Structures are given as structure tokens and as C-alpha cells.
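I wanted a quick look at the charged pairs in this one, plus a check on one of the helices. Here are my notes as I went.

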Amino acid sequence: MFKVLLVEDAPDQRALIQMVFKDADDVYTIDEADSGTIGVEMSKNGSYDIILLDYMLPGCSGMELLKKLRENGSKTPVLFMTAVKNATLTIEAMRLGISDFILKEGAFQLLLPAVVKRILDKIALEKRLKEVEEDSRFQAEKLANLGKILSEILHELRNPLSIISTGLEALRDA
């Protein structure tokens, strides 16, 4: 079960988004905040897998909330939702680490479950890749240590074999 924080001030939008997620899949629990201020508090108190964040909010804009999240060290993925077509705004949000953004045009709500799934799948793959890389480093260290041990064993075996070989040559020559 994935825990989602939906920060959206429009009640009709919140209801539509809830309905779309319920129709799409039953793996999401969605908590709602109707202002940026409440969103900040809920994000501090809850452990969310993703935050769906509207830009235009009362109390605290989506951008301000995003800044506060990042200042508090939150790495929670954020899907930024905006009706404002502004490249500067989008670039600033990307600098602050949003996972993706979606324009609030037409029936954008229908796209949300697929976009959220893609973001969460990407995060899971990145986590798995990190685990595999760490395991590979660990295995490489083990192989390097094994190589050192084998090298020392071979060195220790060469000394007596060298003495035996010299002794056999001396016996053969005598």
C-alpha cells in the first residue's frame, strides 16, 4: 500500500483525484491537505511515498511548500501539478527536486495514477540498482582479498618447493 499526500485546495479536484486513484488501483491511501500550511504539517507528521502538490495554494504556495520540504531534508518524491504554463516556474521546481510535473489541462486527473506508478517504479529500480552496486562492490572486495590470500599462499609454497628442487638437483648431480 502506497501512502500519498494530495495537497490541493480545490475540493472538486481532490474528489476527482481520489476517484481516479480508487478506480485505477486499490494500492493507494490518499491523505488530503487543502492548503500549503496544512500540507507542510502533514508532510512533517506522515511518512509518504509521494506528494501530489498543486502550485496555487492558500497559506503557502506549492513552491514554498516544496522549498520547506527540501530544507527539512525530505527526499519524498513530488509530482508538481500546475495550470500555470511558465518555464521558469517548472525549472525552479526541477531544481528543488520534483520527480515530475503535470499541467492541469483537460482530464489530467486520469493520467495521475500512471504518472505516480512510473515515479514509484523508477524509485524502486534506483533503490534496487544501488543495492546491486553495493553488493557488487562487496563481492569485488571479497575477490580482491581472496586474491591476496592466494598470492601469499603461493609465495609460502614456492619457498619450500624451491628448497626441495635445489636439494633434488644437488642429489642428481652427486
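This is a predicted model: local features need pLDDT of at least 70, side-chain atom pairs count only at pLDDT 80 or more; totals for chains, interfaces and linings use all residues.

I started with R14, which counts as buried because its relative accessibility is 13%, and the cut-off for buried is under 20%.

Which residue does R14 form a salt bridge with? I found E32, with the closest N and O atoms 3.0 Å apart. The pair links distant parts of the chain: R14 sits in helix α1 (residues 11–24) and E32 in strand β2 (residues 28–33), 18 residues apart. I looked up E32 too, and it is partly exposed, at a relative accessible area of 34%.

Next I asked how many salt bridges the structure holds. I got 10.

**Pairs inside helices**

I then went to helix α2, where E41 and K44 both lie, 3 residues apart, or about one turn of the helix. They form a salt bridge, and I noted 3.7 Å between the closest N and O atoms. Is K44 buried or exposed? K44 is exposed, with a relative accessible area of 51%, and exposed starts at over 50%. E41 has 41% and is partly exposed.

In helix α5 (residues 112–173) I picked out E126 and K122, which are 4 residues apart and so separated by about one helical turn. Their salt bridge has its closest N and O atoms 3.5 Å apart. I have both down as partly exposed: E126 has a relative accessible area of 42%, and K122 is at 48% relative accessibility.

I also jotted down a network of salt bridges, which links E8, D54 and K104.

**Helix α3**

Last, I turned to α3, residues 62–71, and asked which of its residues are buried. My list reads G62, M63, L65, L66 and L69. Looking down the axis of α3, I see these buried residues fall within an arc of 160°, so they line one face of the helix.

What covers them? I noted strands β1 (2–7), β3 (50–54) and β4 (78–82) among the elements that do, along with helices α2 (36–45) and α4 (87–95). That brings α2 back into my notes, since it also holds the E41 and K44 pair.

One more entry, for what comes after the helix: G73 follows α3, and its phi is positive, near 85°.

Terms used:
Residues are numbered from 1 along each chain as its sequence is written. Side-chain values use heavy atoms; hydrogens and water are left out. Buried means under 20% relative accessible area, exposed over 50%, partly exposed in between (1.4 Å probe, protein chains only). Helices (H or I, at least four residues) and strands (E, at least two) are DSSP runs, numbered from the N terminus. The arc is that of the directions from the helix axis to the C-beta atoms. Contact means heavy atoms within 4.5 Å. A salt bridge is a side-chain nitrogen of Lys or Arg within 4 Å of a carboxyl oxygen of Asp or Glu.
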